[in-house]
Amino acid sequence: MILRKGRRETSTIEVMDFRKADFDKLRELVGKVPWEARLKGKTTEESWKYFKGTLLRAQKQTIPLCRKDRKYGKRPAWLNKEILHNLKIKKESHKKWKLGQITKDEYRQATRECRGKIRKAKAQNEIKLATGIKGNKKTFYKYIKSKRKTKDRVGPLLSEEGEAVTGNLEMAEMLNDFFVSVFTEKSGGVPNVVNTSRERVSLEDRIHKEQVKNHLGKLDVSKSPGPDEMHPRILKELMIELIIGKYITALQVLEEMHELNNSQML
């Protein structure tokens with residue numbers, strides 16, 4: 001049996017729909033959290049779990065999920081209403097030519113006009129992608145990927161025990177362990193935490209909120225979230241609200257490292 005139409009593939013992968021996100025509500029939920037009181041007395045691990053859990057709960061309440069689009073059945077970016085109208089005219093001209101209502105030259109003229117507008121629209125779309133690559137890298141590389149005939153995928157990987165690893169999280173951990181084994185830190189310990197007289201230095205003087213703000217401001221919103229499920233765009237949108245939470249958590253991390261270095265010196 002020959003099928004005229006292919007079966008449309010339905011995606012089961014769900015991603016955050018930022019078009020319907022309520023960022024004002026998200027800022028309100030995160031902004032009213034008393035970070036200093038909630039994180040007081042907690043260890044670094046406990047502080048991180050509370051921070052992550054609070055953010056993900058607020059994210060779930062304000063950002064809906066949608067199924068990830070598939071390539072099949074999706075219109076290209078250059079296909080606008082004008083070109084759709086010209087394609088319709090071309091199709092009608094073909095029918096009229098077959099019925100003898102118009103000449104072949106008239107049909108060819110409609111075809112040339114439609115083809116010319118398509119080429120122009122494609123060129124304009126490529127120029128737009130190239131000029132806006134700094135602000136939207138994801139769209140540019142998505143277009144490049146769509147032009148490739150082969151699809152490169154990571155894995156499966158072979159573990160030290162000789163077993164095939166196919167899970168995304170397991171493969172990420174294997175690659176992370178490999179990079180850690182080949183790259184070594186040049187500096188040991190925490191710099192500028194203890195002065196020459198081995199007196200305790202106030203970490204509030206070493207870490208400033210503006211530094212945390214600058215790091216959050218440099219996040220690439222086109223990147224996908226990692227295993228922690230925290231999207232860079234959300235962190236950047238909540239830059240002001242998260243400064244205190246990030247700031248206190250960073251202080252607690254350095255505090256514990258400072259205490260560890262002191263115990264090793266003794």
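This is a predicted model: local features need pLDDT of at least 70, side-chain atom pairs count only at pLDDT 80 or more; totals for chains, interfaces and linings use all residues.
Residues are numbered from 1 along each chain as its sequence is written, and side-chain values use heavy atoms, without hydrogens or water. Local features need pLDDT of at least 70 and side-chain atom pairs count only at pLDDT 80 or more, while totals for chains, interfaces and linings use all residues.

The protein chain has 10 helices and 4 strands. Both are DSSP runs, numbered from the N terminus: helices are H or I with at least four residues, strands are E with at least two. Along the sequence the pattern reads β-α-α-α-β-α-α-α-β-β-α-α-α-α. The chain has 266 residues, and 24% of them are buried. Buried means under 20% relative accessible area, exposed means over 50%, and partly exposed lies in between (1.4 Å probe, protein chains only). Ala21 sits in the loop between β1 (14–16) and α1 (23–31). Its relative accessibility is 18%, so Ala21 counts as buried. Ala21 and Gln61 are 40 residues apart in sequence, and their C-alpha atoms are 9.5 Å apart in space.

Side chains of opposite charge can pair when their charged atoms come close. A salt bridge here is a side-chain nitrogen of Lys or Arg within 4 Å of a carboxyl oxygen of Asp or Glu. The whole structure holds 5 salt bridges. A network of them links Asp24, Arg27, Arg233 and Glu237. Asp24 bridges to Arg27 at 3.1 Å, N to O. These two residues are 3 apart in helix α1, which means a separation of about one helical turn. Asp24 is exposed at 58% relative accessibility, whereas Arg27 is partly exposed at 25%. Arg27 also bridges to Glu237, with the closest N and O atoms 2.6 Å apart. This pair links distant parts of the chain: Arg27 in helix α1 and Glu237 in helix α9 (residues 232–237), 210 residues apart. Glu237 is partly exposed, at 26% relative accessible area. Glu237 meets Arg233 as well, at 3.8 Å, N to O. Being 4 residues apart in helix α9, Glu237 and Arg233 are separated by about one helical turn. Arg233 is partly exposed at 28%.

The structure also contains 7 aromatic pairs. The ring centres of Phe140 and Tyr141 are 5.2 Å apart and the planes lie at 85 degrees, so this pair is edge-to-face. Rings of Phe, Tyr and Trp (its six-membered ring) pair if their centres lie within 6.5 Å; planes under 30 degrees apart are stacked, over 60 edge-to-face, and the rest tilted. Ring pairs join Trp35, Trp48, Tyr50 and Phe51 into a cluster.

Surface patches were then examined. Patch residues have over 30% relative accessible area and no salt bridge; like charges are joined within 9 Å, nonpolar side chains (Val, Leu, Ile, Met, Phe, Trp, Tyr) within 5 Å. Lys98, Lys104, Arg108, Arg112, Arg115 and Arg119 gather in a positive patch. Helix α5 (residues 104–131) contributes the most, with 5 residues. Lys98 belongs to helix α4 (residues 81–99) and is exposed at 58%. A negative patch holds Glu160, Glu161, Glu163, Glu170, Glu173 and Asp177. Glu173 lies in helix α7 (residues 168–182) and is partly exposed at 45%. Val154, Leu175, Phe178, Phe179 and Val182 form a nonpolar patch, with about 480 Å² of accessible area together. Accessible areas come from the Shrake-Rupley method with a 1.4 Å probe. Phe178 is in helix α7 and is partly exposed at 48%.

Terms used: Lys and Arg count as positive and Asp and Glu as negative; His and the chain ends are not counted. The place of a charge is taken as NZ of Lys, CZ of Arg, CG of Asp or CD of Glu.
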